[in-house]
Amino acid sequence: MKCLEDRIRQEGEILSDKVLKVDSFLNHQVDAELALEIGREFGRIFGDQPVTKVLTVEASGIQFAMATAIALGVPFIYAKKKKVATLSEGVYSAPVHSFTRQETYQISISHKYLGPRDKVVIVDDFLATGAALLGLVDIVKEAGAELLGVGCVIEKSFQEGRGLLEEKGVRVHSLARIASMSPGEIHFVEDNLT
Ligand code: G4P
Ligand code: NA
Ligand code: NA
């Protein structure tokens, strides 16, 4: 998505060769019109399939899940995060290990809102190690729902997330794919057709 790549080049702060800060339009202040355009793009990518629910994890995936849900005309669900792995009833849950924060938390979704009849698209802001998305994939499987694909706004293609998802047979669509970066320099994956 050209306008997204341009925006990353203009406003992204590359803190190291691994961390990109996009707080001016995506992760803190949000450009709502851009978020809606991102939703329409995911709508074009997944719209030929019979999607029933869009899934994400709180917090920064929510605006993109909402925009995608509007484009597809379906509800979205955000998995809730809990610090301790307390056993809760009536929920599907999966552990997620955050490498940046060196902690494991639990994500969960109520049995009420996801089940075997659902056809799901998962959306998130960043694809890095893929830990949170792999947790959601497990939840979709536990619910007996069908996973149609994963949509990410920004993929750091030099990290392992995409590979781990593809190993599980998951189709990944990212709107901006970063091949490499370092302070003052960023390269996108060339064959980016989305
Ligand atoms: P992940 O790949 O499963 O997301 O795990 P990781 O431990 O690598 O990332 C921890 C958090 O940092 C995730 O947010 C992830 O989306 C975010 N993240 C990873 N790489 C980058 C990056 O280069 N730039 C920015 N801005 N964020 C990055 P989270 O804590 O799961 O979600 P949220 O609470 O922010 O919504
Ligand atoms: Na996120
Ligand atoms: Na985040």
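In the hairpin of β5 and β6, where four residues lie between the strands, Q102 adopts a positive phi near 50°. This is a predicted model, in which local features need pLDDT of at least 70 and side-chain atom pairs count only at pLDDT 80 or more, while totals for chains, interfaces and linings use all residues. Residues are numbered from 1 along each chain as its sequence is written, and chains are lettered from A and ligands numbered from 1 in the order in which they are written.

**The hairpin and the sheet**

Helices (H or I, at least four residues) and strands (E, at least two) are DSSP runs, numbered from the N terminus, and two strands pair if DSSP finds at least two bridges between them. Strand β5 (residues 91-98) and strand β6 (residues 103-110) run antiparallel and are joined by eight bridges, whereas strand β4 (residues 76-82) pairs with β6 in the antiparallel sense over three bridges. The table gives residues that face a partner in β6.

| Residue | Partner in β6 |
|---|---|
| S98 | E103 |
| K81 | I107 |

These strands belong to an open sheet of eight strands with mixed pairing, in the order β5-β6-β4-β3-β7-β8-β9-β10. Because β5 and β10 (185-188) each have a single partner strand, they stand at the edges, and one side of each is left without a neighbour in the sheet. From one strand to the next the twist averages 30°, angles being taken from 0 to 180 degrees between N-to-C directions, with axes as lines fitted to C-alpha atoms, for helices over the stretch in contact. Helix α3 packs on the sheet, touching β3, β4, β7 and β8 (146-156), and its direction makes about 175° with that of β3. Helix α4 also packs on the sheet, where it touches β3, β4, β5, β6, β7 and β8, and its direction makes about 160° with that of β5.

**Two packed helices**

Helix α2 (residues 32-46) packs with helix α3 (residues 62-72) at an angle of about 55°, their axes being 7 Å apart. The two helices are therefore oblique to each other, a term for angles that are not under 35 degrees (roughly parallel), over 145 (roughly antiparallel) or 65 to 115 (roughly perpendicular). In this contact (C-beta atoms, placed from the backbone, within 7 Å), A35, L36, I38, G39, R40, F42, G43 and F46 of α2 meet Q63, F64, A67, T68, I70, A71 and L72 of α3. By class, the contact has 10 nonpolar, four polar and one charged residues, where Ala, Val, Leu, Ile, Met, Phe, Trp, Tyr, Cys and Pro count as nonpolar, Asp, Glu, Lys and Arg as charged, and the others, Gly among them, as polar.

**Backbone exceptions**

Most residues other than glycine have a negative phi, and most peptide bonds are trans. Q102, in the loop between β5 and β6, has a positive phi although it is a residue other than glycine. A cis peptide bond, with omega about 5°, joins E58 and A59, and A59 is placed in the loop between β3 (53-57) and α3.

**The ligand shell**

Around ligand 1 there are 20 residues, of which the closest are S60, F126, A128, T129 and A131; a residue is near a molecule if its C-beta atom, placed from the backbone, lies within 6 Å of it. At least two residues of this shell come from each of β2 (20-21), β7 (119-127) and α4 (131-142). By class, the shell has nine nonpolar, eight polar and three charged residues.

How values were computed. Contact = placed C-beta atoms within 7 Å.
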